[in-house]
Amino acid sequence: MIVLLDIDGVMVSGASWKLPKILADGFADFNPKAVSNLQKIISTTKATIVLTTSHKSRFSGKEWGDIFKKRGINANIKKLHSNSALSQNRKEEILKWVQENANEELFVIIDDDKSLNALPKSIKEKLVLVSSLIGLNEDSARQAIDILNSSRLEEVH
């Protein structure tokens, strides 16, 4: 199971004009409720996190693992390959990931980017669109778990 995860607006929520607190590792602190809700998704589904954030190239996979661990999230962290040379937007990056991982049906996308509403229906059904002011809340976490669990049930049948 995979969680395609954005960070800004999902794990770091709040007003865009208000700068987030930056921790000693050089990255923003996560919203404590978002941390709790992401950990609930991980502990319930055993999902791996694949970062889709625009920050994904700032740190190595190991550094991202440390960043998440310091913020109270124990997970296997991976990241999408950076497509900056191709100047792809988030939607295009996700479409490319889905195409390259066609056998991976057990995934959910958690993001605040409204342009993802333009994803094809079969992929959009796996999208949990959160409010950037609120971030990953309990309802969004429950929706993500339901998507992963329903995908698992479809795979069995």
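Which residue in β3 is the bridge partner of Ile49? In β3, that partner is Ile77, and the strands in question, β2 and β3, run parallel and are joined by three bridges. The model is a predicted one, in which local features need pLDDT of at least 70 and side-chain atom pairs count only at pLDDT 80 or more, whereas totals for chains, interfaces and linings use all residues. Residues are numbered from 1 along each chain as its sequence is written, and side-chain values use heavy atoms, with hydrogens and water left out.

**Overall architecture**

- The secondary structure comes to five helices and five strands, where helices (H or I, at least four residues) and strands (E, at least two) are DSSP runs numbered from the N terminus.
- Read from the N terminus on, the elements follow the order β-α-β-α-β-α-β-α-β-α.
- The radius of gyration of the protein is 15 Å, which agrees with the value near 15 Å that a compact globule of 157 residues would have; the radius is taken over C-alpha atoms, and the globule rule is 2.2 Å times the number of residues to the power 0.38.
- Taken along the principal axes, the C-alpha atoms fill a box of roughly 45 × 35 × 30 Å.
- Of the 157 residues, 45% are buried, a term that means under 20% relative accessible area, while exposed means over 50% and partly exposed lies in between (1.4 Å probe, protein chains only).
- Among contacts between residues at least 6 apart in sequence, 68% join residues at least 24 apart, contact meaning heavy atoms within 4.5 Å.

- Five strands form an open sheet in the order β3-β2-β1-β4-β5, with parallel pairing; two strands pair if DSSP finds at least two bridges between them.
- The edge strands of this sheet are β3 and β5 (127–129), each of which pairs on one side only.
- Neighbouring strands of the sheet are turned by 25 degrees against each other on average, direction ignored, with axes fitted as lines to C-alpha atoms (for helices over the stretch in contact) and angles running from 0 to 180 degrees between N-to-C directions.
- Helix α3 packs on the sheet and touches β1, β2 and β4 (107–111), and the direction of α3 makes about 170 degrees with that of β4.

**Helix α2**

- In α2 (residues 61–70), the residues Trp64, Gly65, Ile67 and Phe68 are buried.
- These residues lie on the same side of α2 because they cover an arc of only 160 degrees around the axis, the arc being that of the directions from the helix axis to the C-beta atoms.
- On the other side of α2, Lys62, Lys69 and Lys70 are exposed.
- The packing partners of the buried residues of α2 are β1 (2–5), α1 (32–45), β2 (48–51) and β3 (77–79).
- Gly72, which follows α2, has a positive phi, near 90 degrees.

**Salt bridges**

- A search of the whole structure finds eight salt bridges, each defined as a side-chain nitrogen of Lys or Arg within 4 Å of a carboxyl oxygen of Asp or Glu.
- One of them joins the side chains of Arg71 and Asp25 (2.7 Å, N to O). Arg71 lies in the loop between α2 and β3 and Asp25 in the loop between β1 and α1, so the pair ties together parts that are 46 residues apart in sequence. Arg71 is buried, with a relative accessible area of 7%.
- Glu100 and Lys96 also meet through their side chains in a salt bridge (2.7 Å, N to O), and both lie in α3 (residues 90–100), four residues apart, about one turn of the helix. Glu100 is partly exposed at a relative accessible area of 48%, and Lys96, at 28%, likewise counts as partly exposed.
- A further salt bridge is formed by the side chains of Lys121 and Glu125 (3.7 Å, N to O), where Lys121 is exposed, with a relative accessible area of 65%.
- Asp6, Arg90 and Asp111 are linked in a network of salt bridges.

**Leu148 in helix α5**

- Leu148 has its place in α5 (residues 138–156) and is buried, with a relative accessible area of 0%.
- Although Leu148 and Leu106 are 42 residues apart in sequence, their C-alpha atoms are 5.8 Å apart in space.
- Leaving aside neighbours within four places in sequence, the contacts of Leu148 include Met1, Ile2, Val3, Ile41, Leu106, Phe107 and Val108.
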